[in-house]
Amino acid sequence: GSSGLVAFYQSAFETDWQLADGWPLGRAYSDAEKADLSSGGQLPVVVPQPDAPAGAYVTDAPVLREVSTSGALAWASPDFARSALLEQVKAATTSLRVMIYQVTDDGLCTALADANDRGVRVDLLVSEDIYGADDKTFAWACYDRLLDRGLTPRRTPSYYRYSHQKFWIVDGKGVGLSTGNWSPSDFPDQDTFPPYSGGGRGATEDGGFGGMTYGSQVQGDNNTWVKTNRDLNLYLEDAHTVGIFNAVIDEDWKRGEDWTKQSWSDV
C-alpha cells in the first residue's frame, strides 16, 4: 500500500542523507537579498501568451483521483534498476508505449527493437531536442538504429523544446515512472556496487552506444566506482492511472513528427 511506498522512499532518503556532505554557500548574501529570500510577499510575474497551436500544453486527460497502490513496485536506481526495467520491457506481449526525454543506452535501445521484432506494438515518443552534444549523439544513434530495424520513433511537438518526462506503459495495464532516462548512468548494466572507502572520487560510466565511449574511466578508490545517478522508480497497475498517461502520449503523439535520420553536423 501507500504506507509501504512512503517507507521505502523515506529509507532511501535517510540513507543518502547520512552519506551526504553539507552544502557550502558559494557566495555571501546582502541583508537586502536575505530579506527578499525570506519575504512572504508576492512578486509580480508577467506570463506571455504562448505562440502554439490549439490544444497545446493542456492535455485532455481523465481527472486524477486517488488510486490503490496495492501491488505497486518501488525501486531505486542504481540498485537492481536495470534488471527490474528489462523484466517489464521483456514481459510486454501486445504493446509497449514509452514517452521519455532520451534513450542513450545500447542495451535498452536493443530491448525496444527486440520487442518490436517479436510482434509487440512499440510506440516511442522522445524529446524534440536534447541538451548536450554527448547525449544527443548517443540518442540519435539509438533512434537511427531503431529506424533500421523497422521501428520509427516519434518526436514530441516542437513547442516543447525539452520533453523531460520518463514513463512507459506495458500492455495497457501498468505504467512505470522514473526520475531517470534510459541511460547508462540511470540504469547501469550491473546490480551490485562497491562501497566507497575513500581515496578519491574515481568513476566509470559504462554502456555507451554501438561501441562509442560514454563518459570516461577515472583513477580513484581502486578504480571500482561506477558513475551512476540516484533515481527513484515506480510501477503501478491501475486502469485509471494508465488512462491518464495514455492520454498524454496520444495528445503529444498526434502533434509530433516521425523521427528521420539527422545530419550529424547538427550535433
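**Legends for close-up views of a predicted model**

**View A. Strand 2 has both of its faces covered.** Ser95, Arg97 and Met99 on one side of strand 2, and Leu96, Val98 and Ile100 on the other, are all buried. Buried means under 20% relative accessible area, exposed means over 50%, and partly exposed lies in between, for a 1.4 Å probe and protein chains only. Six of the six residues of this strand (residues 95-100) are buried, so strand 2 is largely enclosed by the rest of the structure. Helices (H or I, at least four residues) and strands (E, at least two) are DSSP runs, numbered from the N terminus. This is a predicted model, in which local features need pLDDT of at least 70 and side-chain atom pairs count only at pLDDT 80 or more, while totals for chains, interfaces and linings use all residues. Residues are numbered from 1 along each chain as its sequence is written, and side-chain values use heavy atoms, with hydrogens and water left out.

**View B. Strand 2 pairs with strand 3 and with strand 5.** Two strands pair if DSSP finds at least two bridges between them. Strand 2 and strand 3 (residues 121-126) are parallel and share six bridges. In this pairing, valine 98 is opposite leucine 124 of strand 3. Strand 5 (residues 166-170) runs antiparallel to strand 2, and five bridges join the two. Here methionine 99 is opposite phenylalanine 167 of strand 5. A right-handed β-α-β unit is made by strand 2, helix 4 (residues 106-117) and strand 3. A crossover is right-handed if, with the strands pointing away from the viewer, the path from the first strand over the helix to the second runs clockwise.

**View C. Arginine 82 forms salt bridges with aspartate 105 and with aspartate 189.** Side chains of opposite charge can pair when their charged atoms come close. A salt bridge is a side-chain nitrogen of Lys or Arg within 4 Å of a carboxyl oxygen of Asp or Glu. The structure holds 17 salt bridges. Between aspartate 105 and arginine 82, the closest N and O atoms are 2.8 Å apart. Aspartate 105 lies in the loop between strand 2 and helix 4, and arginine 82 lies in helix 3 (residues 81-91), so this pair ties together parts that are 23 residues apart in sequence. Both aspartate 105 and arginine 82 are buried. Between arginine 82 and aspartate 189, the closest N and O atoms are 3.5 Å apart. This second pair links distant parts of the chain, 107 residues apart, with aspartate 189 in the loop between strand 6 (174-178) and strand 7 (231-236). Arginine 82 has 8% relative accessibility and counts as buried, whereas aspartate 189, at 64%, counts as exposed.

**View D. Arginine 149 forms a salt bridge with aspartate 117.** The closest N and O atoms of this pair are 2.4 Å apart. Arginine 149 is in the loop between helix 5 (133-148) and strand 4 (154-155), while aspartate 117 is in helix 4, 32 residues apart. Arginine 149 is partly exposed, with a relative accessible area of 30%. Aspartate 117 also counts as partly exposed, at 48% relative accessibility.

**View E. Tryptophan 168 and tryptophan 182 form an aromatic pair.** Rings of Phe, Tyr and Trp (its six-membered ring) pair if their centres lie within 6.5 Å; planes under 30 degrees apart count as stacked, over 60 as edge-to-face and the rest as tilted. By this rule there are 10 aromatic pairs. The ring centres of tryptophan 168 and tryptophan 182 are 5.7 Å apart and the planes meet at 65°, so the pair is edge-to-face. Tryptophan 168 lies in strand 5 and tryptophan 182 in the loop between strand 6 and strand 7, so the pair ties together parts 14 residues apart in sequence. Tryptophan 168 counts as buried at 0% relative accessibility, and tryptophan 182 counts as buried at 1%.

**View F. The largest nonpolar core has 35 residues.** A nonpolar core is a set of buried Ala, Val, Leu, Ile, Met, Phe, Trp, Tyr and Cys residues joined through side-chain atoms within 4.5 Å. Leu96, Val103, Leu112, Leu124, Tyr143 and Trp182 touch the most other members. Two or more residues each come from helix 3, strand 2, helix 4, strand 3, helix 5 and strand 5. Helix 4 gives the largest share, six residues.
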